[in-house]
Amino acid sequence: DVHLFPFMEKPSEDSLRKAALLLRRLGALDRQQQLTKLGEKMAALPLNPLYANILLQSVEMECTAEAATIVALLSSDPIFYESRLNKESAARVEARKKLTIHEGDHLTMLAIYREWDKQKDGVGWCRQHALNHASLVKAKEIRKQLLEVLRSKSVGVTHISSCGGQENWAVVRR
């Protein structure tokens, strides 16, 4: 019972009510405010409930590898150096444009991560594209940890699926 939890600073009743409503909508709590099986798995993931839900839903949609990458990127520092891009050469602007996926920012970030992960000189590649190498490294570590937690006994994912390349990313957008 959340009302009995010994918070250092107890959230307002309104905040607790909104949090419970979100968890019910996600399927993590039942009508009696008890954790569901999905809620137990979500609680095992050290994430915002929305991100935990995305990861768990991705298992059914067979795009867990892609979802883990996107959640890791969203959980890291920004990967873009916009101020540098504005001050740098037109070549960097064009290099960045080539990485853009027109279906959205999350898919653009996924494409950037995948391309960066292939590079032998990630630092130079990031400099060329006005990207934050340290944030991409951090996202890679977060992704690794998320996949480990997904495979743990408390979550129980036995297979980390991938939908493949960009031609199959429609499932990731859902």
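**Figure 1. Contact between helices α4 and α7 in a predicted model.** Glu66, Thr69, Ile70, Leu73 and Leu74 of α4 meet His106, Met109, Leu110, Tyr113 and Arg114 of α7. Contact means heavy atoms within 4.5 Å. By class, this contact of α4 with α7 holds six nonpolar, two polar and two charged residues. Ala, Val, Leu, Ile, Met, Phe, Trp, Tyr, Cys and Pro count as nonpolar; Asp, Glu, Lys and Arg count as charged; the others, Gly among them, count as polar. Two packed helices are described by the angle between their axes and the distance between the axes. Here α4 spans residues 64–75 and α7 spans residues 105–118. The angle is about 100 degrees, and the axes lie 9 Å apart. The pair is therefore roughly perpendicular. Axes are lines fitted to C-alpha atoms, for helices over the stretch in contact, and angles run from 0 to 180 degrees between N-to-C directions. Angles under 35 degrees count as roughly parallel, over 145 as roughly antiparallel, 65 to 115 as roughly perpendicular and the rest as oblique.

Residues are numbered from 1 along each chain as its sequence is written. In this predicted model, local features need pLDDT of at least 70, side-chain atom pairs count only at pLDDT 80 or more, and totals for chains, interfaces and linings use all residues, while side-chain values use heavy atoms, with hydrogens and water left out.

**Figure 2. Crossing of helices α7 and α9.** Helix α9 covers residues 133–151. The axes of α7 and α9 come within 11 Å and cross at roughly 95 degrees. These two helices are therefore roughly perpendicular to each other. From α7, the contact uses Tyr113, Trp116 and Asp117. From α9, it uses His133, Leu136, Val137, Lys140 and Arg143. The contact of α7 with α9 has four nonpolar, one polar and three charged residues.

**Figure 3. Ser76 in the loop between α4 and α5.** Helix α5 runs over 82–87. Ser76 is buried, with a relative accessible area of 12%. Buried means under 20% relative accessible area, exposed over 50%, and partly exposed in between (1.4 Å probe, protein chains only). A polar atom of the Ser76 side chain lies 3.0 Å from the backbone oxygen of Ser135. Leaving aside neighbours within four places in sequence, Ser76 is in contact with Ser135, Lys138, Ala139 and Ile142.

**Figure 4. Asn53 within helix α3.** This helix spans residues 49–61. Asn53 counts as buried, at 13% relative accessibility. Residues up to four places away in sequence are not counted; Asn53 then touches Leu26, Leu38 and Met42.

Figure 5. Glu62 sits in the loop between α3 and α4. Glu62 is exposed, at 52% relative accessibility. Ala130 sits in the loop between α8 (122–129) and α9. Ala130 is buried, at 3% relative accessibility.

**Figure 6. Thr36 in the loop between α1 and α2.** Helix α2 covers 37–44. Thr36 is partly exposed, with a relative accessible area of 22%. Not counting residues up to four places away in sequence, Thr36 touches Gly27, Ala28, Leu29 and Asp30. Thr36 and Leu23 are 13 residues apart in sequence. Their C-alpha atoms are 10.0 Å apart in space.

**Figure 7. Arg25 in helix α1, with the chain as context.** Helix α1 spans residues 13–26. Arg25 counts as exposed, at 68% relative accessibility. Arg25 and Ala95 are 70 residues apart along the chain, and their C-alpha atoms are separated by 41 Å. The C-alpha trace of the chain spans about 60 × 35 × 25 Å along its principal axes. The chain has 10 helices and zero strands. Helices (H or I, at least four residues) and strands (E, at least two) are DSSP runs, numbered from the N terminus. Of the 174 residues, 37% are buried. Among contacts between residues at least 6 apart in sequence, 58% join residues at least 24 apart. The chain exposes about 11,100 Å², and carbon and sulfur atoms supply 51% of it. Accessible areas come from the Shrake-Rupley method with a 1.4 Å probe; for residues, only the protein chains shown count as cover.

Technical notes. A polar contact is a pair of N or O atoms within 3.5 Å; within protein, one must be able to donate a hydrogen and the other to accept it, and residues adjacent in sequence count only if both atoms are side-chain atoms.
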